[in-house]
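Have the coordinates open while reading.

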There are 6 protein chains.
Amino acid sequence: MSNDYNYDYFNITFPAQYVAQVEINRPEKLNAFIEIMWLNLSKIFSRLSTDPNVRAIVLTAAGDRAFTAGLDVKAASQGTLSAPTSGAIDAARKATALRAHILEFQACLTTLEKCSKPIIAILHGISFGLAIDMSLCCDVRIATSDVKFSVKEVDIGLAADVGTLSRLPKAVGNFSWVKEVALSARIFGAEEAIRVGFVSRVIPAGKAAAVEEGLKLAKLIASKSPVAVQGTKELLNYSRDRPVEDGLRYTAVWNSAMLQTKDVADAILSGLEKRVPRFEKL
Amino acid sequence: MSNDYNYDYFNITFPAQYVAQVEINRPEKLNAFIEIMWLNLSKIFSRLSTDPNVRAIVLTAAGDRAFTAGLDVKAASQGTLSAPTSGAIDAARKATALRAHILEFQACLTTLEKCSKPIIAILHGISFGLAIDMSLCCDVRIATSDVKFSVKEVDIGLAADVGTLSRLPKAVGNFSWVKEVALSARIFGAEEAIRVGFVSRVIPAGKAAAVEEGLKLAKLIASKSPVAVQGTKELLNYSRDRPVEDGLRYTAVWNSAMLQTKDVADAILSGLEKRVPRFEKL
Amino acid sequence: MSNDYNYDYFNITFPAQYVAQVEINRPEKLNAFIEIMWLNLSKIFSRLSTDPNVRAIVLTAAGDRAFTAGLDVKAASQGTLSAPTSGAIDAARKATALRAHILEFQACLTTLEKCSKPIIAILHGISFGLAIDMSLCCDVRIATSDVKFSVKEVDIGLAADVGTLSRLPKAVGNFSWVKEVALSARIFGAEEAIRVGFVSRVIPAGKAAAVEEGLKLAKLIASKSPVAVQGTKELLNYSRDRPVEDGLRYTAVWNSAMLQTKDVADAILSGLEKRVPRFEKL
Amino acid sequence: MSNDYNYDYFNITFPAQYVAQVEINRPEKLNAFIEIMWLNLSKIFSRLSTDPNVRAIVLTAAGDRAFTAGLDVKAASQGTLSAPTSGAIDAARKATALRAHILEFQACLTTLEKCSKPIIAILHGISFGLAIDMSLCCDVRIATSDVKFSVKEVDIGLAADVGTLSRLPKAVGNFSWVKEVALSARIFGAEEAIRVGFVSRVIPAGKAAAVEEGLKLAKLIASKSPVAVQGTKELLNYSRDRPVEDGLRYTAVWNSAMLQTKDVADAILSGLEKRVPRFEKL
Amino acid sequence: MSNDYNYDYFNITFPAQYVAQVEINRPEKLNAFIEIMWLNLSKIFSRLSTDPNVRAIVLTAAGDRAFTAGLDVKAASQGTLSAPTSGAIDAARKATALRAHILEFQACLTTLEKCSKPIIAILHGISFGLAIDMSLCCDVRIATSDVKFSVKEVDIGLAADVGTLSRLPKAVGNFSWVKEVALSARIFGAEEAIRVGFVSRVIPAGKAAAVEEGLKLAKLIASKSPVAVQGTKELLNYSRDRPVEDGLRYTAVWNSAMLQTKDVADAILSGLEKRVPRFEKL
Amino acid sequence: MSNDYNYDYFNITFPAQYVAQVEINRPEKLNAFIEIMWLNLSKIFSRLSTDPNVRAIVLTAAGDRAFTAGLDVKAASQGTLSAPTSGAIDAARKATALRAHILEFQACLTTLEKCSKPIIAILHGISFGLAIDMSLCCDVRIATSDVKFSVKEVDIGLAADVGTLSRLPKAVGNFSWVKEVALSARIFGAEEAIRVGFVSRVIPAGKAAAVEEGLKLAKLIASKSPVAVQGTKELLNYSRDRPVEDGLRYTAVWNSAMLQTKDVADAILSGLEKRVPRFEKL
């Protein structure tokens, strides 16, 4: 099956039952992103979202030096971020094109947030700009102790526009810190990231160990009922953005169908009998 | 007065002036909840909400082993969570019944959030599933150091549906951690709970000491103007769910009436004179 | 230029290029606020918001003892918070006047949140009541290690109504702690503040060092493209209050104009050439 | 069965299969409402909401002269609306009691909006104040040609507070007209009501004919699948208050369960075979 | 008193007790707006909002030919709407200035919506562009039968940006029509305006008669309790923009203070005694 | 160019400069929709949305008898709406598949709402079910006088789930009527449709005349600045769903870029010189 998943700049493997691993693979450029990469990223996670053989996903990056250095600025500066050409083009028309471009780029990353299966990001080394945007669309963030984070965008003259500024205030419970790192682009490390709540685990033993930890968590999640797991992801994302009473109402409708699964009885029985339940594909 | 508060599976006492203590009391079953218990819980807090002799409430649980092991799964598996009976009942009609059931269960717990008086939950021992849902409806969460928490629902094949998934993302400032514990059902302890912000205090000296600490806090709150305290609870809950400017506008209308209380002058004068103010019942 | 900024109870200086420092100056009264002060505060930040010579602002307070003790209760108790005069005035009419007063007071503080330039608050000593309200309108909060915070309002018989109850739940990721300090008015220090995420830095070496640190951060921010910095502030504040997808949509429109700046090319080029870019005024 | 529904001031009958008629019955006082009446109204519609023998409801009023003259002002002026007693009671405490009273009154009327079955209001004669509030909680409004409407509340010195001001702007598509009638309390008739969209039908032939028309519509609705009908009411009410995309998302979850009903196949088959389908109780 | 209200391009008079009339006065230019006019408009309505001698306001325009032809395009085309100057100015910096300008212009018009007293607009003759924006901030719209409306902005190459596109969909219940007139800029008359719900009255007898009708309505409103009237305006505007349940909650808090007015008892008593009540200033 | 637009069941033509006409083409089945049709519909409007040669679109249907009879029920009853197969499939898994299907179907129709160019629907003959859903995604609705509308879904046992229930309450200003037609599925005609505001024009002279009228309107819109027209569509749709102040804020950002177009100067100049402006492609 893994043969099917062929996309430039990504390795997709299936290291355990129901677990997929997506590896960003442009290590010679510190995994910096060019346009084809975010288009492929979106295609990969759209497919994984409906692939019944996948229940949890780990997102990693090749090489020792970087999860990603962010946008490939050199490439971008010849495209979207090119210097304005002295008024030759109408500013309103240029804005229309830019807006369409940003919306498309955002939509590619949002594919991860909308993916029905949980995604665990393993962040190591240089994790700048897009690394923050992308990992905020994932569900769980695990870092190595040598990670170097930066909300880098102000350093290239722009406000981050593919997700960090919209998601970071809701992912982290220290708005002063969010402002500080987003306004200054200063680098911060694993210790700070865990303290403020940007990641939920730091693995001191290096990248390989962190990937191992991510896979372990993915296997644990993949062993649960997919009805329960996918519902949990959907309901948490829905509720993050809405009043509690709207969250409760949506949850009640959701579970009015989902409680009609055999998985509940199977899970309870397995629990009582201390054995591992097996759940049908979803 | 305490004689009046007679509800199966709960002990209600009044350990200090203006302070009520509600104790969950089914220790032989690890305080696991059966339906009558959440119905009673709702009745108790509805009454306390309008009882002028109560200004702060502490919620505790009997026995050393558990705050609550959560839903009594055995009982539930014979009721709502029973195995689906091979299509005999129309799935839409079953969904209608389930939705009504979930909404009613949610409403019972929401009674705590809507209770006009602050509630301090003292969490000890096993605090699984419903323990998280319920304590998230309380205002302050204090844990003993031996507490064992788990968002347990995925382990019985369902997405938590009586509040945790709607309230946890707004109570805790580490969305990666929220996802991790909700998707994996893994157990976490007091240290982790305080680090991520799920509880605001950990009491190392055991349950009795934690209850003592909770009562001390309750007494402190009960010594303040009830106009000020109840307004503070209402405005914080309102603002959690809405844009800042809506929070400000609601606050201005609220206080346009509430500042017309004698309590302000009394509180200021008492402060200047270094004596304890006495406030009229509310 | 600094000569122009003359407002009672405030010192405004310009310690570095593009950096303003606003110092609250009523140290003999622990910088307690009387009405003229919040009116002036609003005027100052309205002006700084559009002053092209300013790109980052540090808010400090004179004297060693207090950032501010909060509202000057003695003055207030002769004004808005005066004891109700036995029904002489119609309660609805009094409410109308009070509501107008609260809304105006709130609007003065919100000027800081709406100021287009980032504001760094340096909190030291007694930082009660209004200190919390005001600093929550700032972008970054830095504290000295001797700071003493209190959400003081319940102690004078009222629910905080000029911002704390609306902004604190969104600034800090421990709702249990938010409730605890707002309901009890208990004092908390720097260690607790950094742990729960109320401040993003604690400076152990005293107020002067903390101001120095704040100025250093302000200079760093002021060295970036003002287009990027002001957009970042706006988009973070916008997104805090809205669903992620609304944040993304607003961001795309915002940047459709803002990416048409020369600053992007200048910033990228400077980065490649390892030199400091210079950005046009905004 | 109809014997069971005994409530003072109301007649409840079942004029056709699956159709209930609720008649307000205090004609000697122009059906003016006293407290027991809105409490009973709420109880009646709560029961009808879950009564499987009922699929559509018609709300009418006894006597020729009035649907209702509104609140019984004389009774109210001895209760909630009594003249303020010269400051004897703290204004904040009085506000707390008033707020609780208004919320309870609102909740009684909202029972109609939340009732899972559609309600058709037949409005005739004097239909003042509460008649507007109440009928706005119903789904369909039908008027006789002699109806006299008035948003009466400003005439007794208050802004309407049990629903009209919140629901009228969303029920009618002429905000200028909404403001005009709500600010002036002027009387308007059937012709104006149908023109601006407050009612959907005017029956010239008098009250009996209007009731007949309402029953005819109720029977038509009651002949449809209750799964389809109740879903339609819920989804319209939900969507009225939310962005279109939220409406669509909620709808998709709702129908993910509801499309699993046998009613769809039965309805389609009956349609093809030109016979009347029979649907199971819900 | 009327002497005090001196503002260029406006006549302010007080034709009846508690009633103000604001007349736009630049008839030689078809009352086209230049910047000073919307600044003055805002100042006038800010003052009227808190002037205790005013309870209702009529907005009219001088001359027979036009309420207003809209923005003075000639003046604007030398200012904000001037042709872009071939890239000399950075597009992002120009956008920042334009955004500030639009926000300020919007805020001036919003002053009418926020004015605590109801405003009745009398629309006659040419009522283009700004006439629509401005009248949508008023509470009641009355037209003469010779009125000529146009959402004119697309004809000068821009999407209307000072309110029409935000308010028209909520003021009128025919979204197809809203789109049609906003996208085509076609002229429509009084008959169409009343049919779709843009105005609530058409006065066939000409401008003087329409002004008379407006004053009559203003006097009627001014004869009611100002507590009731101002609350009604506030609660309708609040509810237009929010879910019904938020509207109800805000209303309950609002009236918890406002029902404590003597006006209620006075209004009821006057009603019973068939005499005109007199209400204290607000 | 029109050769490029080849999609089964649709004819796409370009009857005038900048104007496209999309004709639904399955007249032998009353233009009833099968799955390939809504997939194609979405593809067509996605392309038109970014086709610089198109500025306005008219949506019509082939044949004299029907715009569309709605979903092809026969086809659907063998697919999604097939009778439930006696519990063989887990109800939760079936719900997951159904939800995905509904969301995809909804997204296809929403393509029309998101299309950057205005769409004018010409509705004639039988216009049931999907005709309502689809036309509510269009901007302008024009009907022939012989049109027969029905919100048909309850007649096949389901609540409408691809848009009608979410969009109709916001398109029409008579919520009583919306409920009536949606709950009863009764047929209504052109006169009723224009009265309640569902369409903005009725053309008595038959389908050909109505199409002519639609094209005339499309040409008028296509003659305006595309910057102005597309902004107007976007801002009206955005504002329909949000509070007025959010609409204003978004508008200000939008126009901060869009006012920098040459179109404004061109439009103004053309207006003064009474000639037809020509606008660059967008």
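Two residues are in contact when they have heavy atoms within 4.5 Å of each other. By that rule, 47 residues from chain D touch 50 residues from chain E. The model is predicted.

## Chain D against chain E

About 4,100 Å² is buried between chain D and chain E, and carbon and sulfur atoms give 65% of that area. On the chain D side, the residues that lose the most area to chain E are F175(D), K179(D) and L183(D). Together they make up 16% of what that side buries.

Polar links also cross this interface. The rule finds 20 residue pairs in polar contact between chain D and chain E, with both residues at pLDDT 80 or more. Four helices of chain D give two or more residues each to the side that touches chain E: α2 (73–78), α3 (91–114), α5 (164–171) and α6 (175–184). The largest share comes from α3(D), with 10 residues. By class, this side of chain D holds 23 nonpolar, 10 polar and 14 charged residues.

How many salt bridges are counted between chain D and chain E? The count is three. One salt bridge joins the side chains of E180(D) and R201(E), at 2.7 Å from N to O.

## Chain A against chain C

Here 47 residues of chain A are in contact with 50 residues of chain C. The two chains bury about 4,000 Å² between them, 65% of it on carbon and sulfur atoms. Which residues of chain A lose the most area to chain C? They are F175(A), K179(A) and L183(A), which together account for 16% of what the chain A side buries.

Three salt bridges are found across the interface of chain A and chain C. The side chains of E180(A) and R201(C) form a salt bridge, with N to O at 2.8 Å. Polar contacts link 20 residue pairs between chain A and chain C, both residues at pLDDT 80 or more. In chain A, α3 (91–114), α5 (164–171) and α6 (175–184) each supply at least two residues to the side that touches chain C. With 10 residues, α3(A) gives the most to that side. The chain A side divides into 23 nonpolar, 10 polar and 14 charged residues.

## Helix α9 of chain F

Helix α9 of chain F runs over residues 226–240.

Is α9(F) mostly covered or mostly open? It is mostly covered, with 15 of its 15 residues buried. At the start of α9(F), a side-chain oxygen of S225(F) comes to within 3.2 Å of the backbone nitrogen of V227(F).

## S150 of chain E

S150(E) sits in strand β8 (residues 148–150) of chain E. Is S150(E) buried or exposed? Buried means under 20% relative accessible area. S150(E) has a relative accessible area of 0%, so it is buried.

How values were computed. Residues numbered from 1 in each chain as written. Chains lettered and ligands numbered in written order. Predicted model: local features only at pLDDT ≥ 70, side-chain atom pairs only at ≥ 80, totals over all residues. Heavy atoms only, no water. Buried area = accessible area lost by both parts, 1.4 Å probe. Salt bridge = Lys/Arg side-chain N within 4 Å of Asp/Glu carboxyl O. Polar contact = N/O pair within 3.5 Å; in protein donor to acceptor, adjacent residues only side chain to side chain. Nonpolar A, V, L, I, M, F, W, Y, C, P; charged D, E, K, R; others polar. Expected span 1.5 Å × (residues − 1). Buried < 20%, exposed > 50% of the residue type's maximum accessible area, 1.4 Å probe, protein only.
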